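Me: I am new to this structure and would like to know what the labels rest on. Please set each value against its definition.

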Amino acid sequence: MILIADGGSTKCDWVVVSFDGKEIKKMESEGLHPRFVNSEIVRNALINMKELMELSSQIKFVFFYGAGCSSDALNNIIKRPLNEIFVNAQIKVDHDLKGAALSAYFGKPALICILGTGSNVCYFDGSNLKKETPSLGWILGDEGSGVYLGKKLLHSFFTDKMPKYLSLAFKERYNLSIEDVLENVYQKPKANSYIATFNRFIAEHKREPFILNLVYESFKAFFENQVLIFAEAKSVEINFIGSIAHYYEDIIKTVASEYHVSVGEIVKKPIDNLVKYHLIYILPNLRK
């Protein structure tokens, strides 16, 4: 059996497939970003997936593509507990951008954009992956992402920039004090995921002029800082992955048209396409 995982900051999707391509089990765990969790948390998340543990000795290959898996040191935070639990398996841990590239590749070169809790962009031609700038994370970068939008929303609420009717709706829904937010951001783990949860409010009110402009300006920042810096931006399609790209597809396309770039595919959950890629391109080589 083969285990394939797509790990984000907020959640991680896991799929077990057999060597004949049959899906055995699909599961979900908490997000396992190695900058925000340690190996013990990863180990516990695995152990808590009881159905996965029942199959652990039968799994021969593990492919984990995770947010934050960008160096050997960070990758090892994920890899150590995987090695401990899947004792009969070969383990490969790689960046979620590589997983995104594989799952959003449709036979021709494209820019691949992640828009989920965080954001990232690469150029992928089917073999080679190229980045133009390093990921600056949710504090310094991640334009257009869930955490970026959440920060903008919280800032507008607490600085009284939000229209009164929206502010009242926000207060009624969350009943938040500034102390609540600062505690969650500065004293508790996974602050980025916490901030990104406020996208539910944004998505529900995205047709309100104030919210529409907030989202529009956030995607302009994303295109200007992460997309247009690629020389290929205006000559290839731009494919998107992630829940934020899915929820705000129409606004993304509006911004893209203003910059004269072409949006291709938008994939909400990359795990299904990632499994397909492995079945077509990776699995045949594993059978040899």
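Me: What covers the buried residues of H13?
Reply: The cover includes strand S6 (110–115), H11, S9, helix H12 (243–247) and strand S10 (262–267). This is a predicted model, where local features need pLDDT of at least 70, side-chain atom pairs count only at pLDDT 80 or more, and totals for chains, interfaces and linings use all residues. Residues are numbered from 1 along each chain as its sequence is written, and side-chain values use heavy atoms, with hydrogens and water left out.

Me: Which residues of H13 are buried?
Reply: In helix H13 (residues 249–258) they are Ile251, Ile252, Val255 and Ala256. Buried means under 20% relative accessible area, exposed over 50%, and partly exposed in between (1.4 Å probe, protein chains only). Helices (H or I, at least four residues) and strands (E, at least two) are DSSP runs, numbered from the N terminus.

Me: What puts the buried residues of H13 on the same side?
Reply: Ile251, Ile252, Val255 and Ala256 are the buried ones in H13. They cover an arc of only 135° around the axis, so they sit on the same side of H13. The arc is that of the directions from the helix axis to the C-beta atoms. After H13 comes His260, with a positive phi near 60°.

Me: What about H8: which residues are buried there?
Reply: Helix H8 (residues 178–186) buries Val181, Asn184 and Val185. Their arc around the axis is only 95°, which puts them on the same side of H8. The face turned away from that buried side carries exposed Glu179 and Tyr186.

Me: Why does His205 count as buried?
Reply: His205 has 19% relative accessibility, so it counts as buried. The cut-off is under 20%. His205 lies in the loop between helix H10 (199–204) and H11. Not counting residues up to four places away in sequence, His205 touches Leu166, Ala169 and Ile211. Contact means heavy atoms within 4.5 Å.

Me: Why is Lys60 called partly exposed?
Reply: The relative accessible area of Lys60 is 35%, so it is partly exposed. Lys60 is in the loop between helix H2 (50–55) and strand S4 (61–66). Leaving aside neighbours within four places in sequence, Lys60 is in contact with Met1, Phe19, Asn88, Ala89 and Gln90.

Me: What makes Arg43 and Glu84 a salt bridge?
Reply: Their side chains meet at 2.8 Å, N to O. A salt bridge is a side-chain nitrogen of Lys or Arg within 4 Å of a carboxyl oxygen of Asp or Glu. The pair qualifies. Arg43 lies in helix H1 (residues 39–47) and Glu84 in helix H3 (residues 72–85), so the pair ties together parts that are 41 residues apart in sequence. Arg43 is partly exposed at 24% relative accessibility, and Glu84 is partly exposed at 44%.

Me: How do you know that Asp94 forms a salt bridge with Lys98?
Reply: The closest N and O atoms are 3.9 Å apart. The limit is 4 Å, and the pair falls within it. Lys98 is partly exposed, at 25% relative accessible area.

Me: What about Lys130 and Glu232?
Reply: The side chains of Lys130 and Glu232 meet in a salt bridge at 2.6 Å, N to O. This pair links distant parts of the chain, 102 residues apart: Lys130 is in strand S8 (residues 129–130), and Glu232 is in the loop between helix H11 (209–227) and strand S9 (237–241). Lys130 counts as partly exposed at 30% relative accessibility. Glu232 counts as buried at 15%.

Me: How many salt bridges does a search of the whole structure find?
Reply: The search finds 12. Lys206, Arg207 and Asp250 are linked in a network of salt bridges.

Me: By class, what lines the second largest pocket?
Reply: The lining has 10 nonpolar, two polar and one charged residues. Ala, Val, Leu, Ile, Met, Phe, Trp, Tyr, Cys and Pro count as nonpolar, Asp, Glu, Lys and Arg as charged, and the others, Gly among them, as polar. H8 gives the largest share of this lining, five residues.
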